[in-house]
Amino acid sequence: MFAKLILRDKEYEVRPGMSLLDALKKNNIIPESVIAIRDGEMITDDEILRSGDVVKLVAVISGGSKNYEMS
Amino acid sequence: MKCRRCENKASIHMRQHKLALCKEHYLEWIPEQTARFIKKYKMFTSDEKILVAVSGGKDSLSLWDILVRLGYQADGLYLGLGIDGGVNYSHESQKLTEKFASENHLKLHVVDIEKEYGNSIPMLSEISYRGHGKPCAVCGLAKRHEMNRIARDFGYDVLATGHNLDDEAAVLFGNTLSWSSEYLLRQSPVLEGSDGLARKVKPLCRFYEREMTAYAIARGIEYIYDECPFADGSQSIFYKESLNLLETARPGTKLIFYLNFLEAKNSGKLFIEKNERLSQLHPCPKCGQPTSTPDFCSFCRMIEKADTNP
């Protein structure tokens, strides 16, 4: 089972066992542009993602809804 | 990752400070640092009355929260701009601001631009032809005018806004790209007041946008998540995103960019007149070429160093 990252209306499936930082980078999400919340608590990006985890990403730049991705 | 203060699990890691903190200690750290910045930049004293410009966003609501937690006399000012943008933007942001004020028993001034002046911001923009189809120029002008009016009419000593470091760095980046020297020289955590003009301060100017988001979340502050619909695709957002790419690759880039700018500006060395610079040159005692460094020129010092360390 995958872990899931949710940023606004977009979902990203990631492999469990990966750190949050690696998962963000792998999905071209700028780590500096989000705060991650798992089970209602903020987590740091060295956290290892577990199978079935749902991580909500809160965009820190209000209004930057289109371009969180690294190009 | 563990909290530096208590060894519990960290909730936030601030790479630029090499600092990780748990939620409880983060909620202590932010007001501590804010108090430090207020003192460092001589923003205001505990005797002064502060008017906080609140938009319903994370920064301004957090600023109000922090100032009240620090014991300052801080009232809020909400400006109803009449912006809908298909998301009922102004209405939603006003609702959240009023909710925050009432839950925390705080005094909030509300000025509705349309009720006060007969037209909303988008309408004023259309009528005045300012801003090339976007009401941002009109909005900025109206905000500055109204914030100052309320501060003056109600006897506030200082006007505080929730600009964070990302806001400041984006402005700085834009003004640097265009070498807008006048604007660069004006950018500061404190804009001194004068007759009829309130002093303006930015107590959050050294916190990253990410840190302010984390503060609002950790404090349970309900804020408007969406930015103004007219800000979509704006240059300032593009600059912020560009700076975040640099920050990800080199943590601390934004902080250094802003702090070194303030230092250079305050030392008076940011813009030196050409003639002034030339008059500071003197001939190098060794080679005779003009140099600004004391004693030997950099080249001669380098050669000398190489000669003594073969």
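**View 1. Inside helix H2 of chain B.** In H2(B), the buried residues are B:Lys58, B:Asp59, B:Ser60, B:Leu61, B:Ser62, B:Leu63, B:Trp64, B:Asp65, B:Ile66 and B:Leu67. Buried here means that 20 or more other C-beta atoms, placed from the backbone, lie within 10 Å of the residue's own; 12 or fewer makes a residue exposed, and anything in between partly exposed. This is a predicted model, where local features need pLDDT of at least 70 and side-chain atom pairs count only at pLDDT 80 or more, while totals for chains, interfaces and linings use all residues. Residues count from 1 along each chain as its sequence is written, with chains lettered from A and ligands numbered from 1 in the order in which they are written. Helices (H or I, at least four residues) and strands (E, at least two) are DSSP runs, numbered from the N terminus. With ten of its twelve residues buried, H2(B) is largely enclosed by the rest of the structure.

**View 2. What wraps around H2(B), and how long is it?** Among the elements covering its buried residues are helix H1 (23–40), strand E3 (49–53), helix H3 (89–103) and helix H9 (209–219) of chain B. Just after the helix, B:Gly71 takes a positive phi of about 90 degrees.

**View 3. The six-stranded sheet of chain B.** The strands line up as E5-E4-E3-E6-E8-E7 in an open sheet with mixed pairing; two strands pair if DSSP finds at least two bridges between them. Strand E5 (108–112) and strand E7 (190–191) stand at the edges with a single partner strand each, so one side of each has no neighbour in the sheet. E3(B) and E4(B) run parallel, joined by five bridges, and B:Ala53 sits opposite B:Leu77 in E4(B).

**View 4. Helices lying across that sheet.** H2(B) lies across E3, E4 and E6 of chain B, at about 160 degrees to E3(B). Helix H6 (residues 136–153) lies across E3, E4, E5 and E6 of chain B, at about 140 degrees to E4(B). These angles run from 0 to 180 degrees between N-to-C directions, with axes fitted to C-alpha atoms, for helices over the stretch in contact. Contact means C-beta atoms, placed from the backbone, within 7 Å.

**View 5. Two crossing helices, H7(B) and H10(B).** At what angle do helix H7 (residues 165–177) and helix H10 (residues 235–249) of chain B pack? The angle is about 105 degrees, and their axes are 9 Å apart. They are therefore roughly perpendicular to each other, a label for angles of 65 to 115 degrees; under 35 is roughly parallel, over 145 roughly antiparallel and the rest oblique. B:Phe173 is one of the H7(B) residues at the meeting, and B:Tyr239 is one of those from H10(B).

View 6. Chain A has an open sheet of five strands, ordered E2-E1-E5-E3-E4, with mixed pairing. Its edge strands, E2 (10–14) and E4 (41–43), each pair on one side only. Three bridges join strand E3 (residues 34–38) to E4(A), and the two run antiparallel; A:Ala36 stands opposite A:Ile43. H9(B) lies across E3, E4 and strand E5 (54–59) of chain A, at about 30 degrees to E3(A).

Key
Contact = placed C-beta atoms within 7 Å.
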